Amino acid sequence: MKMNRHILGSSASSYAPLLERPQLRVEELSSTIEDIFASVKVNGDKALLDYTRRFDGVSLSSLQVKNSEIKQAESSLSDTLKKAIARAYKNIYTFHKAQYPEDVVVDISSGIKCWQKPVPIDKVGIYIPGGSAPLFSTVLMLAIPAMIAGCKEIVMTTPPNQKGLIHPAILYAAEMCGITAIYKVGGAQAIAGMTYGTVTVPKVYKIFGPGNQYVTAAKMRSFQSGVAIDMPAGPSEVLVYADDSGEVDFIASDLLSQAEHGPDSQVLLVTSSLRIMDSIEEVLASQLETLPRRDIAAQALKNSHLIY
């Protein structure tokens with residue numbers, strides 16, 4: 001698999017073009033996003049159902065995931081996958097629990113104290129991309145910190161497939177995190193739903209989660225409406241730096257784990273090792289053959305860079 005190869009000199013000016021992030025066409029999307037937000041604000045659930053039919057190709061009778069669907073998810077997954085999700089849960093929980101902030105009290109002067117106290121956001125929304133891959137890891141990475149923080153309500157939106165279903169791994173991870181408010185709606189319309197609230201989808205105070213350009217533009221629009229967001233994330237990207245001690249197999253896996261997110265993803269490898277420079281493409285090609293999403297990853301690699 002051929003990436004764009006670069007051997008750089010000492011001039012910093014040659015680095016900048018290679019490190020430019022993929023650009024979001026937010027301005028071009030603004031008209032579409034405005035239409036979606038206006039429709040959801042006025043028409044609520046009806047607009048969400050209409051957009052789901054138009055964009056996801058499925059007609060739903062209800063937006064909310066039933067408890068029976070959540071319970072059924074566990075029985076449809078392999079023991080191997082359930083153990084992997086449980087292990088990821090434990091690791092993510094342990095890492096974030098250690099970051100829980102303590103109250104800070106400072107004596108400024110005689111009789112004057114200032115303090116800092118962490119207070120959880122009562123109601124948060126998490127957006128889980130659907131599309132061609134179930135990002136159940138995103139459920140864990142967003143919901144576990146919210147649990148630890150003590151958020152009273154965690155609202156999750158994610159697009160359904162053409163059968164009107166959510167991937168069982170996403171539902172299983174959500175149940176593990178104690179999330180029962182799950183809604184079958186994706187894209188910019190999901191962000192609009194959590195921004196304004198509808199009869200079915202609650203209004204939230206802050207929205208978290210990655211997505212495509214429409215989701216990113218919608219989150220920025222949501223921020224303008226007074227709802228906080230984490231950041232305008234997307235498309236997926238990763239930069240790996242490796243010296244000669246690096247394991248080429250591991251490096252290739254790290255690069256492909258992001259490249260398979262979408263054809264607009266971008267991965268960069270910066271290495272000080274000619275050994276890695278010369279062998280990484282062969283290993284990438286070998287690992288790529290075993291990926292179910294190899295066509296998507298291959299497209300992303302064409303726009304990615306190998307830098308020595």
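Is Val185 buried or exposed? The points below take this up, along with the cores and the surface of this predicted model.

1. Val185 sits in the loop between strand E6 (181–184) and helix H7 (187–196). Its relative accessible area is 1%, so Val185 is buried, the cut-off for that word being under 20%.

2. Ile85 is 100 residues from Val185 in sequence, and their C-alpha atoms are 24 Å apart in space.

3. The largest nonpolar core has 30 residues. Ile126, Leu140, Met156, Ile179 and Ile182 have the most contacts inside it. At least two residues of this core come from each of helix H3 (67–76), helix H4 (79–97), strand E4 (123–127), helix H5 (136–149), strand E5 (153–158) and helix H6 (168–176). H5 gives the most, with 7 residues.

4. Ile126 touches Leu142, Ala143, Ile154, Val155, Met156, Thr157, Ile179, Met194 and Phe208, if residues up to four places away in sequence are not counted. Another core, of 28 residues, lies apart from the largest one; Tyr127, Ala190, Ile207 and Ala218 are among its members.

5. In soluble globular proteins, nonpolar side chains tend to be buried together. The surface also holds a nonpolar patch, formed by Val104, Val106, Ile108 and Ile112, with about 320 Å² of accessible area together. Strand E2 (residues 104–109) gives the most to this patch, with 3 residues.

6. Ile108 is found in strand E2. Ile108 counts as exposed because its relative accessibility is 52%, and exposed means over 50%.

Note on methods. Residues are numbered from 1 along each chain as its sequence is written. This is a predicted model: local features need pLDDT of at least 70, side-chain atom pairs count only at pLDDT 80 or more; totals for chains, interfaces and linings use all residues. Side-chain values use heavy atoms; hydrogens and water are left out. A nonpolar core is a set of buried Ala, Val, Leu, Ile, Met, Phe, Trp, Tyr and Cys residues joined through side-chain atoms within 4.5 Å. Buried means under 20% relative accessible area, exposed over 50%, partly exposed in between (1.4 Å probe, protein chains only). Helices (H or I, at least four residues) and strands (E, at least two) are DSSP runs, numbered from the N terminus. Contact means heavy atoms within 4.5 Å. Patches are made of residues with over 30% relative accessible area and no salt bridge: like charges are joined within 9 Å, nonpolar side chains (Val, Leu, Ile, Met, Phe, Trp, Tyr) within 5 Å. Accessible areas come from the Shrake-Rupley method with a 1.4 Å probe; for residues, only the protein chains shown count as cover. A salt bridge is a side-chain nitrogen of Lys or Arg within 4 Å of a carboxyl oxygen of Asp or Glu.
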